[in-house]
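Here is a short briefing on one protein model.

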Amino acid sequence: MSVRLTAAGDFGWFSDQRGYRYEKHHPSGVNWPAIPDSIMAIWRAVAGEVPDPECCLINFYGEGARMGLHQDRDEANFDWPVVSISLGDDALFRVGGTERGDKTESIWLQSGDVAVMGGPARLNYHGIDRIKFGSSSLLKEGGRLNITLRVVR
């Protein structure tokens with residue numbers, strides 16, 4: 001993983017010597033900020049009749065950044081979808097099956113695209129192979145923001 005990240009909601013994503021995990025507080029000790037209403041509106045429009053998200057991860061992909069194939073398996077219940085919003089530069093999104101060695105397919109995500117991984121696809125391996133740096137004028141210095149919403153508990 002070569003992205004910078006922050007979060008909003010009841011939980012944020014944290015890593016240290018003990019590994020990756022959800023935490024109720026920012027490393028500074030303060031609560032994570034609330035998920036903005038505009039982001040909540042997207043969740044409610046695409047996620048279906050499910051609980052509101054408890055975590056909004058915000059990843060910034062600069063030039064050369066990527067995220068290897070992984071599963072989202074740290075949540076308590078896999079019945080709820082993961083919703084991803086792409087903003088800024090195009091990103092080559094790769095998705096496979098539920099086993100690491102399964103065949104993968106790739107698709108270019110553009111600014112404004114929303115991906116929902118739910119149902120049988122909820123545990124599919126996925127990642128970002130690369131971004132097409134400078135392909136969008138949304139962010140002044142270039143790059144991509146990915147906003148990912150999920151129910152944690």
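A pocket is defined on a 1 Å grid over the protein atoms alone, as an open set of points with protein on both sides within 12 Å along at least five of seven lines. Lining residues have an atom within 4 Å of a point. Grid points are joined across faces, edges and corners, and a volume is the space filled by probe spheres set on the points. By that definition, the largest pocket holds about 570 Å³ of space.

The model is predicted: local features need pLDDT of at least 70, side-chain atom pairs count only at pLDDT 80 or more, and totals for chains, interfaces and linings use all residues. Residues are numbered from 1 along each chain as its sequence is written, and side-chain values use heavy atoms, with hydrogens and water left out.

**Largest pocket**

- The lining of the largest pocket counts 29 residues. Nearest its centre lie Met 67, His 70, Asp 72, His 126 and Arg 150.
- By class, the lining has 14 nonpolar, nine polar and six charged residues. Here Ala, Val, Leu, Ile, Met, Phe, Trp, Tyr, Cys and Pro count as nonpolar, Asp, Glu, Lys and Arg as charged, and the others, Gly among them, as polar.
- Strands are DSSP runs of E, at least two residues long, and helices are runs of H or I of at least four, numbered from the N terminus.
- Several strands each supply at least two lining residues, including strand 4 (55-61), strand 6 (82-88) and strand 10 (126-132).
- Strand 11 gives the largest share of the lining, four residues. This strand spans 144-150.

**Salt bridges**

- Side chains of opposite charge can pair when their charged atoms come close.
- A salt bridge is a side-chain nitrogen of Lys or Arg within 4 Å of a carboxyl oxygen of Asp or Glu. The structure holds nine.
- Arg 122 pairs with Glu 75, with the closest N and O atoms 2.7 Å apart. Arg 122 sits in the loop between strand 9 and strand 10 and Glu 75 in the loop between strand 5 and strand 6, so the pair ties together parts 47 residues apart in sequence.
- Buried means under 20% relative accessible area, exposed over 50%, and partly exposed in between (1.4 Å probe, protein chains only). Arg 122 is buried at 3%, and Glu 75 is buried at 5%.
- A network of salt bridges links Asp 72, Glu 75, Arg 122 and Arg 150.
- Arg 153 and Glu 54 meet in a salt bridge (2.7 Å, N to O). This pair links distant parts of the chain, 99 residues apart: Arg 153 in the segment after strand 11, Glu 54 in the loop between helix 1 (37-46) and strand 4. Arg 153 is exposed at 51%, whereas Glu 54 is buried at 11%.
- Asp 52 meets Arg 44 in a salt bridge (2.8 Å, N to O). Asp 52 is partly exposed at 35%, and Arg 44 is exposed at 51%.

**Other residues**

- Ser 137 is found in the loop between strand 10 and strand 11. Its relative accessible area is 74%, so Ser 137 counts as exposed.
- Glu 23 lies in strand 3 and is partly exposed at 26%. Glu 23 and Cys 55 are 9.8 Å apart, C-alpha to C-alpha, and 32 residues apart in sequence.
- Val 114 lies in strand 9 (residues 114-117) and is partly exposed at 36%.

Key
1 Å grid on protein atoms, 1.4 Å probe; cavity = no way out; pocket = protein on both sides within 12 Å on 5 of 7 lines; lining within 4 Å.
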